[in-house]
Amino acid sequence: MQIARTHAHLIEARAALTARMQGGVALVPTMGALHEGHISLVRAARAAGFQVIASIFVNPTQFGPGEDFARYPRDESADCAMLAAAGCDAVWLPDVATMYPPDAATAIEVAGPALLWEGALRPGHFRGVATVVATLFGQVRPDSAWFGAKDWQQVQVIRRMVRDLLLPVAIEIAPTWRDVDGLAMSSRNRYLSVEDRARAPTLFRTLEAVKARLHQGDPLGPTLAAGRADLDMAGLAVDYLALVDEKTLQPLDRIAPDARLIAAARLGSTRLLDNLAL
């Protein structure tokens, strides 16, 4: 596996992959602290016939004031070992100065699916996400980019950016990778105390229960309210639990073909996100 830390090295690595003439190049963007969910994206891209470049960059511009940028878990050697074992072809490890030169004057402003939920709770978050992803696309020049479904709103923001700016990158979404108890895998799960880790799967179980009640014909408002109450009783501080259109992220008042349940809740200092298609 090739490791690139400068843009010149990245160009060399991509040229070497292109010279192999073995399908296109896929990008798996990450912030490191990798888990099996990230590795599943590498494997899925390889299974689809792509050569894979993974990026590791903890992006400061998507963290708000008081968020966990400084303590976000970082373990480059373990991450690279996992990527190599999964058959990743190259890893891109830029520093902040490479991603954000001192004289940089451009950022991506996003609206549409970025406005509600995470966008409302974390002002500037999706501006940082869209800008760093667009920069990675410009650096790596991938044919496809692979994301997990756990961060559903983020993926829809990136999809809209790609569509609106006519970027030649296919956005692929792989299923959420879960622990055996249903908890969606996340790098931040390592923040959870033993007690909170035991309670964390309540988020997914609640989504499943709400989905089942809605399919039984229960009214939406009371069903969502009951789900929020269940989470509150389990000790999860609910930011939102909503039924939305899965592309626009606009709230729905009834089940529709493209409906999706989305949720965010806090356990101690850890914020959990999850979603479920209806």
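## Glu-246 and its partners

The side chains of Glu-246 and Arg-260 are joined by a polar contact of 3.3 Å (a pair of N or O atoms within 3.5 Å; within protein, one must be able to donate a hydrogen and the other to accept it, and residues adjacent in sequence count only if both atoms are side-chain atoms). This is a predicted model, in which local features need pLDDT of at least 70 and side-chain atom pairs count only at pLDDT 80 or more, while totals for chains, interfaces and linings use all residues. Residues are numbered from 1 along each chain as its sequence is written, and side-chain values use heavy atoms, with hydrogens and water left out.

Glu-246 belongs to the loop between strand E7 (237–245) and strand E8 (259–267); helices (H or I, at least four residues) and strands (E, at least two) are DSSP runs, numbered from the N terminus. Leaving aside residues up to four places away in sequence, Glu-246 touches Trp-152, Gln-156, Asp-258 and Arg-260, where contact means heavy atoms within 4.5 Å.

Although Leu-249 is not a glycine, its phi is positive, at about 65°. Its relative accessible area is 0%, so Leu-249 counts as buried.

Gln-153, in helix H7 (residues 152–164), has Leu-249 among the residues that it touches, not counting those up to four places away in sequence. A polar atom of the Gln-153 side chain lies 2.8 Å from the backbone oxygen of Pro-113. Gln-153 is buried, at 6% relative accessibility.

## Ala-33

A positive phi, of about 50°, is also found at Ala-33, which is not a glycine. Ala-33 is placed in the loop between strand E2 (25–30) and helix H2 (36–47), and is buried with a relative accessible area of 2%.

## The chain as a whole

The protein chain comprises 10 helices and 9 strands, and buried residues make up 49% of its 278 residues. Along the principal axes, the C-alpha trace spans about 55 × 40 × 40 Å. Of the contacts between residues at least 6 apart in sequence, 72% join residues at least 24 apart.

Definitions and conventions: Buried < 20%, exposed > 50% of the residue type's maximum accessible area, 1.4 Å probe, protein only.
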